[in-house]
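Morning, everyone. Please have a look at the chain on the screen before I start.

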Amino acid sequence: MRIALLTEGGYPYATGESRLWCDRLVRGLGPHEFDVYALARSARQEDGGLVDLPQQVRRVSTASLWGAGDDDRRLGRRERRFFAAHFGALAAGICAADETAGAAEFADGLYGLAELARHGGLTGVLRSETAVRILESACRAPGARRGVRAAGLPGHLAFADRVERALRPLSLDWYTEDALGEADLCHAASGGSAALPGLLAKRFFGTPLLVTEYGVQLRAQYLAASTAGVAAPVRALLAAFHGRLAAEIYRQAALLTPGNTHARRWQERCGADRAKLRTVYPGMAAGRFTEVSEDEEGADPATLVWVGRVEPAKDLIALLHAFAEVRREQPDARLRIVAVPTREPGADSYLAHCRALAAQLFPDEAADEYAVGDNPVSFEELGGPEAPGLADAYAGGVVVVLSSVVEGFPLTLVEAMLCARATVSTDVGAVVEVIGGTGLVVPPRNPRALADACLALLRDPERRRRLGAAARARALELFTVEQNLAAFRGIYLELLSHSPVRRRTADGVPFAHPAEASVPGHWTSRSASADDHAVSADA
């Protein structure tokens with residue numbers, strides 16, 4: 001089977017969210033061929049290069065969602081009318097308060113623009129004065145959403161710029177018989193722009209579309225718009241656009257595989273058919289954590305461990321205040337903060353703020369005037385001498401803490417569970433689903449509750465060991481690479497079995513070489529044929 005793997009901001013680039021699980025998927029399903037169609041989010045990501053690809057990756061096509069674009073296509077008279085009609089339908093669908101009518105207009109406009117883009121790019125056209133005027137009319141039309149009516153010219157220009165980037169996949173040269181037309185199945189590694197080429201492949205070639213979302217792209221777009229400093233009418237327009245696009249993707253997909261119940265609820269809220277939803281948990285490589293002992297050998301019995309990217313969503317401020325409460329009750333307690341290296345903007349300043357708060361809450365303590373002071377909170381970097389690997393980081397303590405206020409699928413919790421560590425987590429995202437009763441869960445932004453849960457486990461070694469053993473068993477059952485690969489292997493075959501065969505073999509006959517032909521030896525022999533003939537004659 002030939003799979004078109006569609007990604008945005010991840011695989012096969014060396015950095016990105018989907019890099020690891022996509023790489024495991026491609027390498028684990030070796031008998032299939034993969035064509036990778038990747039969208040880059042930044043120049044830094046493109047400069048980082050690609051990962052080493054296995055031999056089953058037959059082709060890699062890349063495109064950029066950043067930058068101004070270099071298309072200067074000029075439309076003829078008929079094309080201008082065609083563009084005005086379909087971009088007008090798209091804009092009307094975005095602005096419409098009526099959900100049913102708006103969805104139909106949006107889909108009509110989107111596919112019309114896709115047809116026009118097959119004859120040349122639309123990068124410049126989508127930023128043109130004509131597009132802005134059409135958008136302005138849609139915002140002022142009767143029946144438009146209340147939130148978009150206040151948008152002025154700066155808002156229309158800002159929205160047109162963002163929509164052009166999101167729709168840039170329409171203008172790519174991927175929609176030909178020798179590109180996406182050759183695929184038996186399109187597998188989008190996320191929703192949004194990554195799934196847009198799969199949506200068009202279904203439209204143009206009838207190729208089935210599979211969409212996997214471990215972090216809901218629509219939710220990410222909502223959060224990005226709320227923190228980007230854009231005006232309220234522009235946020236309303238962006239929310240409507242991404243909501244319409246997500247709904248159309250969910251409607252056209254043959255199957256949706258959310259990574260957890262949290263993502264599944266988002267998809268259902270956006271109109272996804274429950275019959276198309278099948279939860280597939282992301283797979284973790286469990287082998288590298290098996291050396292960590294369930295008996296807490298080598299671990300400090302009074303040490304808490306936090307592992308992750310240092311960013312405001314992880315709420316290290318609440319964690320430090322909670323640890324101050326822990327220290328009042330248990331003075332020998334320690335906290336190790338192990339930061340995963342990241343280049344995200346603002347990470348260094350947030351880390352500096354956390355260090356300053358730790359120094360303020362916990363002045364360096366010394367036994368006497370001749371000793372060097374020691375802080376009970378240590379800030380370490382993964383890969384450094386204190387924590388050369390993830391297993392070493394988790395093995396250094398007896399309780400792993402997650403203090404996030406926003407979380408999708410908590411991979412750090414799964415890693416801690418594979419290390420047989422008891423956990424204390426905030427009730428966000430898919431935490432409760434992942435933990436399943438093998439750890440303690442407290443409300444987010446509640447340092448007192450976080451401290452009480454940590455103290456309860458620090459004071460009860462037997463309970464820690466029971467929870468840790470149960471956590472490892474649960475993780476090995478649900479969250480391994482093998483489970484993930486088995487699920488997608490079956491899904492690929494299921495979807496292909498319901499799709500018409502379009503690609504023929506060199507002999508001109510589909511399945512001219514059955515699977516049995518690859519097995520050494522003879523399935524039938526002359527003597528066996530003779531015996532069968534004799535049996536038939538006797539009958």
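I'll talk about one glutamate, then aromatic rings, then charges over rings.

First, the ground rules. This is a predicted model, where local features need pLDDT of at least 70, side-chain atom pairs count only at pLDDT 80 or more, and totals for chains, interfaces and linings use all residues. Residues are numbered from 1 along each chain as its sequence is written, and side-chain values use heavy atoms, with hydrogens and water left out.

Start with Glu248. Glu248 sits in helix α9, residues 232-252. Helices here are DSSP runs of H or I with at least four residues, strands are runs of E with at least two, and both are numbered from the N terminus. Is Glu248 buried or exposed? Buried, because its relative accessibility is 4%. Buried means under 20% relative accessible area, exposed over 50%, partly exposed in between, with a 1.4 Å probe and protein chains only. Beyond its neighbours within four places in sequence, Glu248 contacts Ala107, Tyr111 and Leu199. Contact means heavy atoms within 4.5 Å.

Now the rings. Rings of Phe, Tyr and Trp (its six-membered ring) pair if their centres lie within 6.5 Å; planes under 30 degrees apart are stacked, over 60 edge-to-face, the rest tilted. That rule gives twelve aromatic pairs. Take Tyr281 and Phe479: centres 5.0 Å apart, planes at 80°, so edge-to-face. These two residues are 198 residues apart in the chain. Phe479 is buried, at 0% relative accessibility. Separately, Trp21, Tyr214, Phe488 and Tyr492 form one aromatic cluster.

Last, charges. A charge sits over a ring if NZ of Lys or CZ of Arg is within 6 Å of the ring centre and within 35 degrees of the ring normal. Arg203 has its charged end over the ring of Tyr111, 4.3 Å from the centre.
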